[in-house]
Amino acid sequence: MKEMIEKDDLIEAGFAPYTAAGIIRQAKAYMVKQGYEFYSGRRVSVVPLQAVRAVLGNVNFSYRKD
């Protein structure tokens, strides 16, 4: 399982593109609240899996990258 998640990973997991972008945005806001100012940048497009799970709950991402 990947430790860093990007929008394409969420799309492959079944989320719509707009929803995936929103999840990344919320996860970035969560990381900034935790004190990681790095994630406030516009060009940051990956977030830790723990941040995505904090936003969505304990979701299991089951997708294959062939």
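**Note on the predicted model**

1. Overall order. Read along the sequence, the protein runs β-α-α-β-α. That comes to 3 helices and 2 strands. Please keep in mind that this is a predicted model.

2. Burial and surface. The protein has 66 residues, and buried ones make up 27% of them.

3. Helix α3. This helix spans residues 49-56. Which of its residues are buried? Leu 49, Ala 51 and Val 52 are. They lie on the same side of α3, because they cover an arc of only 160 degrees around the axis.

4. Cover over α3. What lies over these buried residues? The cover includes both strand β1 (4-6) and strand β2 (46-48). Helices α1 and α2 (17-33) are also part of the cover.

5. After α3. Gly 57 comes just after the helix. Its phi is positive, at about 100 degrees.

6. Asp 9. This residue is found in helix α1, which covers residues 7-12. Is Asp 9 buried or exposed? Its relative accessibility is 1%, so Asp 9 counts as buried; the cut-off for buried is under 20%. The Asp 9 side chain also has a polar partner: a contact of 3.0 Å joins it to the side chain of Lys 2. Anyone viewing the model can look at α1 and then follow the Asp 9 side chain to Lys 2.

7. Aromatic pair. How many aromatic pairs are there? The count comes to 1. The partners are Phe 38 and Tyr 39, with ring centres 5.2 Å apart. Their planes stand at 80 degrees, so the pair is edge-to-face; the cut-off for that class is over 60 degrees.

8. Burial within the pair. Phe 38 has a relative accessible area of 61%, so it is exposed; exposed means over 50%. Tyr 39 has a relative accessibility of 10% and therefore counts as buried. The edge-to-face pair thus joins an exposed Phe 38 to a buried Tyr 39.

Methods:
Residues numbered from 1 in each chain as written. Predicted model: local features only at pLDDT ≥ 70, side-chain atom pairs only at ≥ 80, totals over all residues. Heavy atoms only, no water. Helix = DSSP H or I, 4+ residues; strand = E, 2+ residues; numbered from the N terminus. Buried < 20%, exposed > 50% of the residue type's maximum accessible area, 1.4 Å probe, protein only. Polar contact = N/O pair within 3.5 Å; in protein donor to acceptor, adjacent residues only side chain to side chain. Arc of directions from axis to C-beta. Contact = heavy atoms within 4.5 Å. Phe/Tyr/Trp six-rings, centres within 6.5 Å; stacked < 30°, edge-to-face > 60°.
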